[in-house]
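Work through the two exercises below with the sequence and the structure at hand. Each task is followed by a solution in steps.

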Amino acid sequence: MAAREPRSIAGGAGGAAEAASRVTVAPRAAVRSPWLGQALENERILGFLLLSPTVVLLALFIAYPFVKGVWISLTNATVGNPGQFVGIQNFEKVFHDSIFQQATYNTFVYTALATVGKLALGMWLALLLNRHFRAKRLVRASMLLPFIIPTVLSTLAWKWMFDPTFSVLNWSLYHLGLIETRIGWLTDPTMALMSVIIVNIWRGMPFYAISLLAGLQTVSPELHEAAAIDGANGWQRFWRITWPLVLPVTMVVTLFSVIQTFADFQLVYALTGGGPANSTHLFATYAYQVGIVTGLLGEGAAVSLAMFPMLFVIVIIQLWYIRRVEGA
Amino acid sequence: MAAKRIDRRQFVRISGAAAAAAGTGLDAILSARRAPAYAQGSKLHLTRWVDFVPAGDEVLAKQMVEAGKALGAEITLERINANDLQPRITAAVSSGSGPDIFHLLHNWPYLYEKSLVDVTDVADPIGKAQGGFYQPVIEATKVGRAFRAVPHAIVGGQIAYRKSLFAEVGFKEFPKTWQEYRDAGKKLKAKGYPIGQTAGHTFGDAPGFWYPYMWSWGGKEVEKDGKTVAINSKETVESIKFATGFWKDACDEGGLAWDDASNNRAFLAGTICATLNGASIYIEALRNPDKYKTDKGEQMKSDILHAANPAGPKGQFHYHASFHHGIMSYSKNQKLAKEFLKWLHAKEHFEPWFLAQKGFSVGATKIWEEHPMWKEDPVMLPYRTAARAFQLFGFAGPPSAKASEAYSKYIVVDMYAKAIQGMSAEDAAKWAEGELKRIYG
């Protein structure tokens, strides 16, 4: 319609030049309105338009749940009851809760030991895989199995291996003459925490190994050869050449791992449910028990959000360190 | 696509029938030759636990088809792990969508009161027709004046034990007191057959054992007012001290990490001499007599008996898990859901399921005590009248959402578990007191 009207006007008594100009303008308007064209010429508007899908997605799937979580933590909401605003009452309650305090302690121990374990073993594995040997590709692929298998499935297998009565580990150790009484993998509070850490290391180590292997392959062999000619032994070559060069990759991998480990849920939930006597509860499992199982949504959200500032500080320190390392 | 036209005559006929149906009820519906609105291809979704007696679920699966035909609806039975029921309910209520009917345990109707439909009109006639509900079941489901769930069944908790093993250590009858039970267990543990009991985070056996154990010593969570926390008492501390010795002397110490199925496996594998449980161990041994055998090669089923809890200084106490069906308030098929529950709980439809249960689950109403089934197997007799006397979480106060919260957080179970792990009895009671005050305060 927009193209027809100017033509009908142009066919009137006006001059030929005027008619021609009108005719040339009309098809453009049919493709794009003038204001849109002008708007898209503006870099700010164009930038905003291009970013907007991402902004909408982030707002819907990250910002909204986060803000909603913060709001719920400030209410006394329970299942089926939207609740009323109660300020920071839930946070006061959980900070005085001994189970929460234990979950906090457990989470830090779990994250620290699991991260160190994964880093050490992942690095060791990466160094081994960086060498040339037969069936290297097959070994590399099979190494990823713990990472590929669904966590709940592999954790159930571990649950059987740690079973208080039918543990295959205890059976093997006993028949090898290494133990005389059963090891309480999941019954002793300290051993239970260690057991979930062992499973976490087993599951997370391939992620470290593959990532660090990628880093190792960027290290020029000439550096090692030169150092070897100068008389550096294996440890010195690792410490003086390999480690500084893979440090940036290591820091990024550790950053991701810390975030995942700190907020871990399914492994502990499937293996111990937080027991025995809360000795393996982490932030996420306790938040789930309070908020989802018990139905105290406000209190559960407060437990869940309590990990945010702690994780935030850890991440900030790590990012600051990564920048320093990269800037050096 | 051409739309089907309705002419003026058809419109008048259909709308007239609908008006007549609304005005005059069933007669009108029949005369209109149309089924009620909910029966026209409506769908109903029931979520229950995975039954420890598979035959019960098989009967229910068949009954879903029968009920579907009778009510003109498509009825889906979904079965999930009992430990996952509460998370599922929370998710469904929060999103306002999900199963129309949930399987509820214990006194959960208090926890989900605002999300459950008043089903007094369904529960009352069922109770009246079947000799009345057991009192604790009424207390568990009737919140205020309204039933928030229809009581369905009770899984009795009795101690399953190996009669030959107890006889070997001088107990021809099952121990009457906790002290006798500890003595027998100590001797049997020395022979490699400890008592098996969970003190872990699991929904049934753990609270089912430790709550009545505490009550039998005179311990209680709160006073009768349901507000004053009373767990840190001399009686509770004594019970904890005894429990730590009992655990060390007589129990399989792996029980700290057991779930509700662990003791079944251990018993049937012949590694424990006794455990508090529903009758599922015996029923499984009956189902597979040649699979489960004793060390002497005899069928395990012939060596199993059931007994009530031993008595403490204040008497003998029990907790039996009661199971109910609750209709969710977000359901768009509430009327159909009520009709379905009337159908499912009716005597003629409950009976096949009751028979399949073989006594693992008993009726929530008293009439089922008189069923001829009980004459078939004397080993199951202790379950027949078990439901007559038990009390609910939150004793000595009334059942409440607070009591459910304490149960869901395993406060009482963990009080004993902490002491078993080395905490002093006094500190364990004090810890539990602090946690309960946070809940009841």
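This is a predicted model: local features need pLDDT of at least 70, side-chain atom pairs count only at pLDDT 80 or more; totals for chains, interfaces and linings use all residues.

**Exercise 1. Describe how chain B is divided into domains, and characterise the side of domain 1 that touches domain 2.**

Step 1. Domain 1 of chain B comprises 38–155 + 321–379, and domain 2 comprises 158–319 + 383–440.

Step 2. Between the C-alpha centres of these two domains of chain B there is a distance of 27 Å.

Step 3. Domain 1 of chain B gives 25 residues to the contact, and domain 2 of chain B gives 28 residues.

Step 4. On the domain 1 side, the elements of chain B that supply two or more residues are α5 (108–111), α7 (135–141) and β6 (150–155).

Step 5. Sorted by class, the residues on this side of domain 1 of chain B are 17 nonpolar, five polar and three charged.

**Exercise 2. Determine how helices α11 and α18 of chain B pack, and which residues meet.**

Step 1. Two packed helices are described by the angle between their axes and the distance between the axes.

Step 2. For α11 (residues 234–250) and α18 (residues 425–440) of chain B, the angle is about 125° and the axes are 9 Å apart.

Step 3. The helices α11(B) and α18(B) cross in a right-handed sense.

Step 4. From α11(B), Thr236(B), Val237(B), Ile240(B) and Lys241(B) meet Ala425(B), Glu426(B), Ala428(B) and Ala429(B) of α18(B).

Step 5. The contact of α11(B) with α18(B) consists of five nonpolar, one polar and two charged residues.

Methods:
Residues are numbered from 1 along each chain as its sequence is written. Chains are lettered from A and ligands numbered from 1 in the order in which they are written. Domain bounds come from an automatic or database domain assignment. Two residues are in contact if their C-beta atoms, placed from the backbone, lie within 7 Å. Helices (H or I, at least four residues) and strands (E, at least two) are DSSP runs, numbered from the N terminus. Ala, Val, Leu, Ile, Met, Phe, Trp, Tyr, Cys and Pro count as nonpolar, Asp, Glu, Lys and Arg as charged, and the others, Gly among them, as polar. Axes are lines fitted to C-alpha atoms, for helices over the stretch in contact, and angles run from 0 to 180 degrees between N-to-C directions. A crossing is left-handed if the near helix is turned anticlockwise from the far one by less than a right angle, and right-handed if clockwise.
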